[in-house]
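Here is a short report on a predicted model. Keep the sequence and the structure in view while reading.

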Amino acid sequence: MEVAIIKYNAGNIYSVSYALKRLGIEATITADPELLHKADKVIFPGVGEAQTTMDYLKKHKLDTIIKDLKQPVLGICLGMQLMCRHSEEGDAECLGIFDTEVKRFIPQKHEDKVPHMGWNTITNVKEGLFNTQLENQFVYFVHSFYVPINDFTAATTEYIHPFSASLHKDNFYATQFHPEKSGQIGEVILHNFLNL
Amino acid sequence: MLAKRIVPCLDIKDGKTVKGVNFVNFRDAGDPVELGAQYSREGADELVYLDITASHEGRKTFTELVRKVAANISIPFTVGGGINELKDVDRLLSAGADKVSINSAALRNPKLIEEIAKNFGSQVCVVAIDANFEDNNWICYLNGGRIPTDKHLFQWASEAESLGAGEILFTSMTHDGVKTGYANEALATLADNLHIPVIASGGAGNMEHFRDAFIAGKADAALAASVFHFGEIGIRDLKQYLLKEGVNVRI
């Protein structure tokens, strides 16, 4: 199986490729349109700032390439947020694959720290990336912006309020958490994606 | 609900785990990757690798180790020791570390916190503070607790937060190695003052100490070394205990 990881100016790309290697997959890290189009699976990872990253994607025409992909695509963390319509981070117009907003966490009490960082549980998990055994399991998050619950929500997490831990629409899948850093549970989720 | 984190810390010298007298249950206690993987399997939420080598050669060995840890371990890990400038941070993050911990370099040059936050994001920047309780004040120390400064813990922690620190790792020198519990009062004050997570360090001797750090000390994470290395506390047992005591942990 050919797995491509989209190469752009984001950190943490190598963590994803290491995680795939642990599953026996040697992924290609690339921004080459041809390689991205012909891969069986594409992963869109990301740690960074929304507006800066969108500018970079547009400049390298990766925005249209990602939207046109027909094989299963997995957006991770910032990757998921950039697949939405708009982000409050830098007031960024994003890819619009998921017709929903990305909002900043607003603490409601002193204990509400932002970023939401650490292990939290996923609930109401949907078929696709998840199976019923993954209900209430812990995964690893690091983020200051969130996607509200919407029609595409494929898993829910509660921090300050419920938000989308995962999204799904057609061939596009996304997680706000980092499956590549979520131990055995993360491996199951990556494995499920590779088996789509 | 967001879980409280248990964080084993491994001291590394020349690419090897500094051994204690009794590393039980570990096939090769000297291998930091093997040890980290073992902790991860037992349920550790994060790992800290602290490079205590001073030489230039040792630094290269450590970077190589960071790469191996990233390739083999599927939970987040922080690296610290000998980070003085932005290019050290870049080198360690590029090797696969999730966060870096800075201590003396931040005290000497607080702007480093700002630079790390701006270039890599606050979430990678852990500011470690070694402080000792003396004459009714928590005094911050440099160079692994050898040189006192004129900074006070609470003032410095707030300054670090405003400069862009993502977490504060507070080691009480007063409690470190004594095994009578964490500095819960100071931890609670930090939690009340700050809007970023606080990692408790120094003083863990039994399971109750972890519970107290989380409940009385309001800590977000608790770090320990010897109680895990010497097998005095198993991480799996610790988490079962904490859950029973009403602390939300990942099982």
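## Helix H6 of chain A

The buried residues of H6(A) pack against partners from both chains: helix H1 (13–22) and strand E9 (138–143) of chain A, and helix H1 (32–42) of chain B. Those buried residues are Gly183(A), Ile185(A), Gly186(A), Ile189(A) and Leu190(A). They lie on the same side of H6(A), because they cover an arc of only 145° around the axis. An α-helix has 3.6 residues a turn, so residues three or four places apart point the same way.

H6(A) runs over residues 183–194, twelve residues in total. From its first C-alpha to its last it reaches 17 Å, close to the 16 Å expected at 1.5 Å a residue.

## Helix H7 of chain B

Helix H7 of chain B covers residues 184–193. Its buried residues are Asn184(B), Ala186(B), Leu187(B), Leu190(B) and Ala191(B). They fall within an arc of 160° seen down the axis of H7(B), so they line one face of the helix. Glu185(B) and Asp192(B) are exposed on the other side of H7(B).

What do the buried residues of H7(B) pack against? The partners belong to chain B: strand E7 (137–142), helix H6 (153–163), strand E9 (167–172), strand E10 (198–201) and helix H8 (207–215).

## The largest nonpolar core

The largest nonpolar core has 147 residues. Val100(B), Val127(B), Ile168(B), Leu187(B) and Ala222(B) have the most contacts inside it. Leu187(B) is also one of the buried residues of H7(B). Strand E6 of chain B, residues 125–134, supplies the largest share of this core, six residues.

Now take Val100(B). Neighbours within four places in sequence are left aside here. Its contacts then are Thr78(B), Val79(B), Gly80(B), Ile83(B), Val89(B), Leu92(B), Leu93(B), Val124(B), Cys125(B) and Val126(B).

## An open sheet in chain A

Chain A has an open sheet of four strands, in the order E6-E5-E7-E10, with mixed pairing. Which are the edge strands? They are strand E6 (92–93) and strand E10 (145–146) of chain A, each pairing on one side only.

Inside the sheet, strand E5 (residues 84–87) and strand E7 (residues 98–104) of chain A run parallel, joined by three bridges. His86(A) stands opposite Glu101(A) in E7(A).

## Where the chains meet

How many residues of chain B are in contact with chain A? The count is 21 residues of chain B, against 24 residues of chain A. On the chain B side that touches chain A, eleven residues are nonpolar, six are polar and four are charged.

Note on methods:
Residues are numbered from 1 along each chain as its sequence is written. Chains are lettered from A and ligands numbered from 1 in the order in which they are written. This is a predicted model: local features need pLDDT of at least 70, side-chain atom pairs count only at pLDDT 80 or more; totals for chains, interfaces and linings use all residues. Two residues are in contact if their C-beta atoms, placed from the backbone, lie within 7 Å. Ala, Val, Leu, Ile, Met, Phe, Trp, Tyr, Cys and Pro count as nonpolar, Asp, Glu, Lys and Arg as charged, and the others, Gly among them, as polar. A nonpolar core is a set of buried Ala, Val, Leu, Ile, Met, Phe, Trp, Tyr and Cys residues joined through C-beta atoms within 7 Å. A residue is buried if 20 or more other C-beta atoms lie within 10 Å of its own, exposed if 12 or fewer, and partly exposed in between; C-beta atoms are placed from the backbone. Helices (H or I, at least four residues) and strands (E, at least two) are DSSP runs, numbered from the N terminus. The expected span of a helix is 1.5 Å times one less than its number of residues. The arc is that of the directions from the helix axis to the C-beta atoms. Two strands pair if DSSP finds at least two bridges between them.
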